[in-house]
Each structure stands twice: as structure tokens, then as C-alpha cells.
Amino acid sequence: MYQKFGKRLFDITASATALIVLSPLLLWLAWKIKKNLGSPVIFSQIRPGKDNKLFRLYKFRSMTDAKDKNGNLLPDEERMTDFGRKLRATSLDELPELWNILKGDMSIVGPRPQLVRDMVFFTEEEMHRQDVTPGLTGLAQISGRNNIDWKERFAYDLKYIEKISLQEDLRIIWRTIFKVGNQEDIATDGMETSEDYGDWLLRMGRIDEQNYKEKHTLAKNLLMNFINN
């Protein structure tokens with residue numbers, strides 16, 4: 001009953017309340033981001049949601065648009081500023097996702113929406129994490145977040161969707177607040193941002209270069225189809 005009806009009602013109520021209560025903070029953050037990083041203030045990225053339906057996820061911008069002489073974006077570590085690190089460390093960059101939750105693209109709790117270029121590498125079992133609406137936080141985020149490997153993260157996601165309940169969602173929300181307050185497991189150790197799933201598979205020798213390139217081509221085609229439609 002909760003999964004079918006109550007969870008969406010909880011999401012609407014919680015996200016709408018949060019957007020109203022946090023509106024002064026959201027406006028202040030927008031001003032600080034524009035001052036420190038420039039425009040646009042909001043960063044959007046196409047992510048796969050429930051049943052692999054693509055949607056635009058919204059975040060506060062945390063990196064500059066610095067490019068090399070050929071016009072290509074510089075690596076994340078070179079575009080990240082101290083201000084951007086603070087935004088990510090406090091998870092304040094995630095607040096615009098409350099709008100995604102209100103719209104129904106996301107839920108408060110659920111498997112995190114991965115990149116399209118991650119999703120194309122999912123196994124048949126891992127693809128079941130797409131059976132539910134992705135979340136702002138989830139079981140994987142309170143169990144190590146970016147400092148557990150990809151297979152562990154997906155195992156936690158699959159464990160969560162086996163039995164979704166209000167009690168478990170409230171527990172995850174409470175633990176998330178604790179984790180964010182302590183700024184734990186924000187990024188993978190030794191990396192500025194989390195490593196892509198495909199990059200991890202390639203680095204671990206679980207796929208070869210050919211498969212890696214084929215999957216990335218598939219991801220690009222999916223993104224182009226979404227943009228063009």
C-alpha cells in the first residue's frame with residue numbers, strides 16, 4: 001500500500017514543504033553560485049529514471065566551464081573550486097532535485113539515478129534497480145556512498161527495492177542527515193568526483209576496450225534521441 005500510494009504522497013508533501021521552507025537558502029545559494037562560478041546557476045543532466053525513462057535532473061552548479069585550447073572541458077579536478085567542493089561536501093548542490101521529486105521524476109528515497117553512460121553497462125540483474133523511481137538518497141548512500149565499489153552499491157539498491165516501507169524510508173532519511181552532517185563518503189577516495197561505472201569496469205578488467213566503446217556509443221545515441229525528441 002505504501003509503495004503504491006503512500007510513497008508518492010509522502011514525496012509530494014515532503015518536497016513541496018522543503019522547497020517552501022528552504023526557499024531563502026535556495027535563493028542565497030543561487031546568488032553565491034552566480035558570484036563564484038557564473039551562470040547558469042543550475043546544472044542539468046539527463047539521467048535514466050523508472051523503467052529507463054530519461055529525464056533531466058537538476059543540481060546547483062559546482063564546477064567552472066574552463067576549457068582547453070581545443071574547446072574541450074578540462075578534467076573535473078581542474079574545474080572544481082573550493083566553493084564547489086563545499087557545495088558537494090554539504091550536499092547543498094543536490095537541493096534542486098527537490099523539484100524533480102515534486103514533478104515525479106524522483107523520490108525522496110530510492111536508488112540514485114545514475115548516468116546514462118553508467119546504465120548501459122548494467123547487467124540484467126542490476127537493471128532491476130530501474131523498476132522503481134530513483135531517489136535523492138538511498139540505502140547505498142547510507143552504507144558507504146561513493147566509498148564502496150559499484151557492485152556493492154547496486155547490491156544495496158536491489159536489497160532496498162525488495163521491501164519498500166515507510167519505516168525504512170524514514171530510517172534512510174535520518175541516516176542521510178547524519179552522513180551529510182559529518183560530510184562522509186562524498187567522493188571516491190583519491191578522486192575529485194565519483195568514477196563512472198564503465199570506467200570502473202574497464203579499470204578492473206571486467207570489460208574490454210571494444211565493449212567499453214560500443215556501450216559508450218549506445219549511451220550517446222540514447223542521449224541524442226532524447227534531446228532530439
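Helices (H or I, at least four residues) and strands (E, at least two) are DSSP runs, numbered from the N terminus.

The model is predicted: local features need pLDDT of at least 70, side-chain atom pairs count only at pLDDT 80 or more, and totals for chains, interfaces and linings use all residues. Residues are numbered from 1 along each chain as its sequence is written, and side-chain values use heavy atoms, with hydrogens and water left out.

Phe60 is in contact (heavy atoms within 4.5 Å) with Leu26, Leu29, Ala30, Ile33, Val41, Ile42, Phe43, Leu92, Asp93, Leu95 and Pro96, leaving aside its neighbours within four places in sequence.

The axes of helix H1 (residues 2–21) and helix H8 (residues 166–182) come within 11 Å and cross at roughly 40°. Axes are lines fitted to C-alpha atoms, for helices over the stretch in contact; angles run from 0 to 180 degrees between N-to-C directions. From H1, Tyr2, Lys7 and Phe10 meet Leu166, Asp169, Leu170 and Ile173 of H8. This contact has 5 nonpolar, no polar and 2 charged residues. Ala, Val, Leu, Ile, Met, Phe, Trp, Tyr, Cys and Pro count as nonpolar, Asp, Glu, Lys and Arg as charged, and the others, Gly among them, as polar.

The second largest pocket has a volume of about 240 Å³. Its lining comprises 13 residues; Gln3, Lys7, Lys50, Val132 and Thr133 lie nearest its centre. H1 supplies the largest share, 5 residues. By class, the lining has 3 nonpolar, 4 polar and 6 charged residues. On a 1 Å grid over the protein atoms alone, a pocket is an open set of points with protein on both sides within 12 Å along at least five of seven lines; a cavity is a set where a 1.4 Å probe fits but cannot get out; lining residues have an atom within 4 Å of a point.

The structure holds 1 cavity of 30 Å³ or more. About 40 Å³ of space lies in the largest cavity. Among its lining residues are Lys50, Arg112, Arg129, Val132 and Thr133.

Note on methods
Points joined across faces, edges and corners; volume = space filled by probe spheres on them.
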